[in-house]
Amino acid sequence: MNTIDKYVIKWEVFMEIYGMCDPKFQQVADQFERNFLEHGEVGASVCITLEGETVVDLWGGTANNETQTQWEEDTVSIIWSSTKGATALCAHILSSRGLLDMDAPVVNYWPEFGKAGKENITVKMLLNHQAGVAAIRKPLSHGAFSDWNTMVHALEEEIPFWEPGTRHGYHALTFGWLVGEVVRRVSGKSLGQFFQNEVAKPLGIDFWIGLPKGIEPRVAKMITAETQTDTPFYQAMLEPNSIQSFVFNTGGLMEQFDSRIGHASEIGAANGITNARGLAGMYAPLACGGSLDGVTLVDKGTLMSMSSVSSATGQDAVLLGPKRFTLGYNKSIDNRKLPLGYQDSCILSEDAFGHAGNGGSIGFASPNEKMSFAYTMNKMGAGISINQRGQSLIDATYLSLGYTTNSPGSWIK
C-alpha cells in the first residue's frame, strides 16, 4: 500500500503514517495524525469499511518501545474486551443456525453448570451480563487462566453474586469462559477454533483468540496506563469480599497478559489479538445485513437481536456506572456529565453496536450506514472504555458521513 501524502515531523521526531484513506474521510486521517502529535499515541491502526469496501486503512508509530520496532501493516496487538464482540459473535452464529436457543437454560448445553443457584440461568443472561457469575471467589493457582478446564470448573462451582437475571453487572473476565464454554459444548470446538474456522478464515482476517506461536513476532508490546485510584471501582476493590476484589482472580492473567502464555491462551473476554483491519473486517458483514462476499455470519433476525438494547442500568453492579448492552455488545453511552470516576463513555450512533476494550481499543458496526469501524493501539489509556484518542477518530468518522452532533448521547444526522 502507499504511504499517505503527509509526514509527521515534530519535536525532532520523524514518523510516517502508512496506508490509504478515501478523501471523504480525510478528517479521520488528520485526527489519526493528531493523536500522535498531541495525545501521546505510540503505535496504532484505524480502519473503516463502507458497504464492505475499505475506505480507511491507516497505521503508524512504534510497535515496541524497547526495540523501537516500527508498527507495520501486519502488526497486531491485544484488544482486551473488544474480544468479547468476537466471542458473542460465535454464540450468535450458533443461534442463527438454530443450534443455540438464547432463552434456554445454560444447563441444557452445559449440565455441570447447574449448581449453587445457577440452575435457571439462561444463555441470554450470560450475554447480558446478568448471570451474577461476574467473578470467582476461590483462590486460583498461578497460571489458572491458561487452563480452560480449570476456569470452567471454578465457574461451575461458583455461587452467583446476585439473583441471576435481576441485575446487570459486567462480567469482565468470566464472560469469555462462560459464553465460550457454551460455544464449545454446542459446536464441539474450542472457542478459538470455532472463531478461526467460522469467522477469521472465511473473512480472511488476522484475528485470533489463542495466538499461534508463528504470529508472536508480529505482536506489539502493550504499554499499560497508570491505575486510576480515585474511581468507585478501584475503591470498591479495596473492600474484602467485594465483587470488584475478586474480578481479577484468574491466576495471574493481569501480570502475564502480554507474555507468550498470555497470548496463547483462549481468553474470550480479554486476549483477542488483531489490528484495526481485522477488527473492522469482522464487523463488516454485520454492517451489511449479516453477509458479505459470500460469507454469511448471521441471519437478519439474529442481527436485529445483536443490535437491540437488551440490558441497561444506571449502576452496573461491578463497574458502578451506567451501562447499555445488547446481547454481548456495547451500545452508545454518554457519561461525560457525570462526576469524576463515572465518566467512561462510548458515543456512537444509536443503531451501532460493538465492543470497547480496556485502554481504548474498539470495533463496531453501524448497519444504517453499512459501515464498520475499528481502532487498536499499544499505549493504553486510563479507564476501561475508549478514551480521547479513540473517540476522536469515531467523531471524525461520523462527521465524514454527514452526522452533525453527539450532544444527545449518540451521533445523529
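The following conversation concerns a predicted model of a protein.

Student: What does the protein contain in terms of helices and strands?
Tutor: There are 13 helices and 15 strands in the protein. Please bear in mind that the model is predicted.

Student: How does the radius of gyration compare with the globule rule?
Tutor: The radius of gyration is 20 Å, close to the 22 Å that the globule rule gives for 413 residues, so the protein is as compact as a globular protein of that length. Along the principal axes, the C-alpha atoms fill a box of roughly 60 × 45 × 45 Å.

Student: And how much of the protein is buried?
Tutor: Of the 413 residues, 60% are buried.

Student: What share of the contacts comes from residues 24 or more positions apart?
Tutor: Such residues account for 66% of the contacts with a separation of 6 or more.

Student: Let us turn to helix packing. What is used to describe two packed helices?
Tutor: The description uses the angle between the axes and the distance between the axes.

Student: At what angle do H1 and H13 cross, then?
Tutor: The axes of H1 (residues 26-38) and H13 (residues 388-400) cross at roughly 165° and come within 8 Å. That angle makes H1 roughly antiparallel to H13. The crossing of the two helices is right-handed.

Student: Which residues of H1 and H13 meet?
Tutor: From H1, Gln-27, Val-28, Gln-31, Phe-32 and Asn-35 take part; they meet Arg-389, Ser-392, Leu-393, Ala-396, Thr-397, Leu-399 and Ser-400 in H13. Sorted by class, this contact has 5 nonpolar, 6 polar and 1 charged residues.

Student: Are H2 and H5 roughly parallel or roughly antiparallel?
Tutor: The axes of H2 (residues 83-96) and H5 (residues 174-187) cross at roughly 30° and come within 10 Å. H2 and H5 are therefore roughly parallel to each other. H2 passes H5 in a left-handed crossing.

Student: Which residues make that contact between H2 and H5?
Tutor: H2 provides Lys-84, Thr-87, Ala-88, Cys-90, Ala-91 and Leu-94. In H5, the residues they meet are Phe-175, Gly-176, Val-179, Gly-180, Val-183, Val-186 and Ser-187. By class, the contact has 8 nonpolar, 4 polar and 1 charged residues.

Student: Cys-90 interests me. How many residues separate Cys-90 from Asp-74 in sequence, and what is the distance in space?
Tutor: Asp-74 and Cys-90 are 16 residues apart in sequence, and their C-alpha atoms are 24 Å apart in space.

Student: Where does Asp-74 lie, and what does Asp-74 touch?
Tutor: Asp-74 is in the loop between strand E5 (69-70) and strand E6 (77-78). Leaving aside residues up to four places away in sequence, Asp-74 touches Arg-218 and Asn-275. With a relative accessible area of 36%, Asp-74 is partly exposed.

Student: Is His-129 buried or exposed?
Tutor: His-129 is buried, because its relative accessible area is 0% and the cut-off for buried is under 20%.

Student: What about phi and accessibility for Asn-241?
Tutor: Asn-241, a residue other than glycine, has a positive phi near 70°. Asn-241 lies in the loop between helix H7 (232-237) and helix H8 (243-246). At 63% relative accessibility, Asn-241 counts as exposed, whereas His-129 is buried.

Technical notes. Residues numbered from 1 in each chain as written. Predicted model: local features only at pLDDT ≥ 70, side-chain atom pairs only at ≥ 80, totals over all residues. Heavy atoms only, no water. Axes fitted to C-alpha atoms, helices over the stretch in contact; angles between N-to-C directions. Helix = DSSP H or I, 4+ residues; strand = E, 2+ residues; numbered from the N terminus. Parallel < 35°, antiparallel > 145°, perpendicular 65-115°, else oblique. Left-handed = near helix turned anticlockwise from the far one by under 90°. Contact = heavy atoms within 4.5 Å. Nonpolar A, V, L, I, M, F, W, Y, C, P; charged D, E, K, R; others polar. Rg over C-alpha atoms; globule rule 2.2 N^0.38 Å. Buried < 20%, exposed > 50% of the residue type's maximum accessible area, 1.4 Å probe, protein only.
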